[in-house]
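Try each task before reading its solution.

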Amino acid sequence: MVSLDALWRDGHTPRPQAVKVGRDGDELVVSGSSGQRRFLLADCRLEAGIDTLPDSVYLPDGSTLEVAQKVAIRRLLGGLPPLQAGGHWLQQSWRALAGGLLAALVILWLGWRFVLPAAAGWLVPLIPLSVEQQLAAQTLSWLQSNTELAPSRLPASRAATLQAQVARLQPAASRYRYQVLLRHAPDIGPNAFALPGGTIVVTDQLLAVVTQPDEILAILAHEAGHVEHRHGLRSAVESVGVLAALTLMTGDASSLTLALPVALANASYSREHEREADRFAYTALQLQGLSPCLLGYGLQRIEASLKQQHGDDAISSGSWFASHPATAERSKPLGQTCPPSP
């Protein structure tokens, strides 16, 4: 019978006792100065020690064996359980640990990049329109409380004109009723942004930069594209999580009244969302007998204004351009080359 040196702890006194450990059939045999003890192997639990620490064998009477000869004791007891063996291997191998960590990061990135957007794209269309409108109102309230978003200083007739313009863009099958809101926002600058439910916010600063009515119509068409494709809600749900979408599908947004408005206010669209909104705008403009180049012209004016006020750094930080495709690309709608803006 193979005999291994071990330290036996009875669980009551701190001082260990030197013993010999062996195997007789399906029994573990522990021999020491106080006699011999036998335990069924099935009742003994082996736990691997890390680095230079000995393996531990937990015996059914509450006592413990510490065995420095790790390979021998594992062979004696039939090896480590599969899960413990895998965990011990990871602990002992920094390459395996680093590889496991890298694999976990890759899986998380793939989930964030592909699985979460796909799940949001499937779930968001099931969210009721009334919930979208509720979230838009909450988001606008949050923006007015936390940013310099004040009532417009332009005549009320200007808002009415924009409202009439955006009504021309609405698809016949649209579920939304667009509402244009004018706001004075010196911190935000020349900008327009869409909220779920059909709300489009336009800043006074944008109207000071883009003065051509048809170019403003093109920008409104782009924002209408975000509304129709529910990009804002999709981005917010991706930020907060799929469970948020499942909650909203019930029509109850009360538990998300803080998280989602903040997520909506800070959401940035993906490049593909921006291109999808651009394509919507090009089609809407063509249906009005207008050139798709108008969107590029409007964006060029915004970009030039930002550069003039803040330099080239403004393009990387400006809200219109932080996540958008390059203006040069968007100034070639549907692959066509546009003449210089008038």
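The exercises below concern a predicted model, and each is followed by a worked solution.

**Exercise 1.** Find which residues of the largest nonpolar core touch the most other members, and which element gives the largest share of this core.

*Solution.* Start with the core itself: it holds 36 residues, and Leu162, Val202 and Leu220 touch the most other members. Next, look at the elements that give two or more residues to this core; among them are helix H5 (156-167), strand E11 (199-203) and helix H7 (213-228). H7 supplies the largest share, eight residues. Now turn to Leu220 and set aside its neighbours within four places in sequence: Leu220 is then in contact with Leu162, Gln165, Val166, Leu169, Ile200 and Val202. Finally, keep in mind that there is a second, separate core of 18 residues, which includes Trp8, Leu46, Val67 and Leu77. As background, nonpolar side chains tend to be buried together in soluble globular proteins.

**Exercise 2.** Work out which strands pair with strand E7 (residues 64-67), and in what sense.

*Solution.* Begin with strand E1 (residues 4-9): it runs antiparallel to E7, and three bridges join the two. To place one of them, take Arg9, whose bridge partner in E7 is Thr64. Then move to strand E6 (residues 55-58), which pairs with E7 over four bridges, again in the antiparallel sense. Here Tyr58 is the residue that stands opposite Thr64. Last, follow the chain from E6 to E7: the two strands form a hairpin with five residues between them. In its turn, Gly62 has a positive phi of about 95°.

Note on methods
Residues are numbered from 1 along each chain as its sequence is written. This is a predicted model: local features need pLDDT of at least 70, side-chain atom pairs count only at pLDDT 80 or more; totals for chains, interfaces and linings use all residues. Side-chain values use heavy atoms; hydrogens and water are left out. A nonpolar core is a set of buried Ala, Val, Leu, Ile, Met, Phe, Trp, Tyr and Cys residues joined through side-chain atoms within 4.5 Å. Buried means under 20% relative accessible area, exposed over 50%, partly exposed in between (1.4 Å probe, protein chains only). Contact means heavy atoms within 4.5 Å. Two strands pair if DSSP finds at least two bridges between them.
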